[in-house]
Amino acid sequence: MDRFSFSPGFDIYPRYTPMGFVYGENAFGPVPEIRRLDDIRRSLKNPRAQGPEELYCIAMDVGDRSWKAETSKRDLLFGAVIYNAGTIGQEPVRSQGHIHGVSPSCGASTCEVYEIWEGTAAVYMQERAEADPGRCYGVVAHPGEVVVVPPGWVHATVNMDIHKPMAFGAWCIRDYGFEYDSLRAMQGIAFYPLSKDGIEWEMNPNYRNAKLLVKAPGSYEALGLRRGIPIYRQFRENPDVFRFVSRPGEYQHIWESFEP
């Protein structure tokens, strides 16, 4: 059985052909949904570009059976995602990008916590889906590294290695919702990732005053996270550690000066 390069902290395993997951005896999870090329065309540099028909698979609400009730109680949801290899025209396989809608359980747009399990990812994020997007980051992460997207920010995920699949897990709020329209009106994110000699970033001409900082992930110590320990295991050891995901308003003092 294939295993991820970084252990997720519970019994979930990758299946790459076709894309999906194998759940161990103590794990639960649904049949994954497939996101296709036609789903993201309106946010590409070239909406007519060709690439893999199946871009990635996503299984929302996965985990250890003994902790399923606890995640529900705390309005949390854990998801697992595998990205295909390859390119879409000039761009590597990626998501279209979105903003988290306002969740009824907390009355706010919420954050998301990524943990890379396989390959190399860039979690791209910008403050706003407007002509002036504010701060823009491309946070490049490898297996075992964590990236936190703050509440209300646009974000998209990019497979940085066009030759191999990429996979990650993520904590989000259980009653999550996505807002796409404002980003689609700008034809996607403020910087397109382009596959050249490695990945280069090109500014989307629908934006102005945009500057991109490409960086490694932060430490996130202020949020109580620990390096090198699977985020699912961190939840099991302290179920309150991801309260900043389900109750972001209580952490406004952190978001005001937050840097990914």
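This is a predicted model: local features need pLDDT of at least 70, side-chain atom pairs count only at pLDDT 80 or more; totals for chains, interfaces and linings use all residues.
Visitor: Where should I begin with the sheets?
Guide: Begin with the strand order. Six strands form an open sheet here, in the order S4-S5-S7-S18-S13-S16. The pairing in this sheet is antiparallel.

Visitor: Which strands stand at the edges of that sheet?
Guide: S4 and strand S16 (146-149) are the edge strands. Each of them pairs on one side only.

Visitor: How much are neighbouring strands of this sheet turned against each other on average?
Guide: By 25°, with direction ignored.

Visitor: What is the strand order of the open sheet of four strands?
Guide: The order is S17-S14-S15-S22, and the pairing is mixed. Strand S17 (154-159) and strand S22 (212-215) have a single partner strand each, so one side of each has no neighbour in the sheet. Neighbouring strands of this sheet are turned by 15° against each other on average, direction ignored.

Visitor: Over how many bridges do strand S14 and strand S15 pair?
Guide: Over six bridges, in the antiparallel sense. Strand S14 covers residues 121-126, and strand S15 covers residues 136-141. For a single case, look at Ala122. Its bridge partner in S15 is Val140.

Visitor: Now the core. Which residues of the largest nonpolar core touch the most other members?
Guide: Val113, Val148, Leu225, Phe242 and Phe244 do, in a core of 60 residues. Strand S7 (residues 76-83) gives the most to this core, with six residues.

Visitor: What is Phe244 in contact with, leaving aside its neighbours within four places in sequence?
Guide: The contacts of Phe244 are Cys111, Val113, Val148, Leu223, Leu225, Tyr251 and Trp255. Another core lies apart from the largest one. This other core has 19 residues, among them Ala129, Ala156, Val158 and Ile199.

Visitor: On to charged pairs. How many salt bridges does the count come to?
Guide: The count comes to 17. One of the pairs is Glu54 with Arg36, whose closest N and O atoms are 3.3 Å apart.

Visitor: Why does the pair of Glu54 and Arg36 tie together parts that are apart in sequence?
Guide: Glu54 lies in strand S5 (residues 54-60) and Arg36 in strand S4 (residues 33-36), so the pair links parts 18 residues apart in sequence. Glu54 counts as partly exposed, at 31% relative accessibility. Arg36 counts as partly exposed too, at 34%.

Visitor: Are Glu91 and Arg94 buried or exposed?
Guide: Both are buried. They form a salt bridge, with the closest N and O atoms 2.7 Å apart. Glu130 and Arg128 form another salt bridge, at 3.7 Å from N to O. Glu130 is partly exposed, with a relative accessible area of 44%. Arg128 is partly exposed, at 30%.

Visitor: Which residues are linked in a network of salt bridges?
Guide: Glu70, Arg74 and Asp240 are.

Visitor: What should I look for in the backbone?
Guide: Most residues other than glycine have a negative phi, and most peptide bonds are trans. Here the peptide bond from Thr17 to Pro18 is cis, with omega near -10°. Pro18 sits in the loop between strand S1 (12-16) and strand S2 (19-23).

Visitor: Where does Asp61 lie?
Guide: Asp61 lies in the loop between S5 and strand S6 (63-64). Its phi is positive, near 75°. Asp61 is buried, with a relative accessible area of 19%.

Visitor: Is Asn209 buried or exposed?
Guide: Asn209 is exposed, with a relative accessible area of 58%. Its phi is positive, at about 55°, although Asn209 is not a glycine. Its place is in the loop between strand S21 (198-203) and S22.

Note on methods:
Residues are numbered from 1 along each chain as its sequence is written. Side-chain values use heavy atoms; hydrogens and water are left out. Two strands pair if DSSP finds at least two bridges between them. Helices (H or I, at least four residues) and strands (E, at least two) are DSSP runs, numbered from the N terminus. Axes are lines fitted to C-alpha atoms, for helices over the stretch in contact, and angles run from 0 to 180 degrees between N-to-C directions. A nonpolar core is a set of buried Ala, Val, Leu, Ile, Met, Phe, Trp, Tyr and Cys residues joined through side-chain atoms within 4.5 Å. Buried means under 20% relative accessible area, exposed over 50%, partly exposed in between (1.4 Å probe, protein chains only). Contact means heavy atoms within 4.5 Å. A salt bridge is a side-chain nitrogen of Lys or Arg within 4 Å of a carboxyl oxygen of Asp or Glu.
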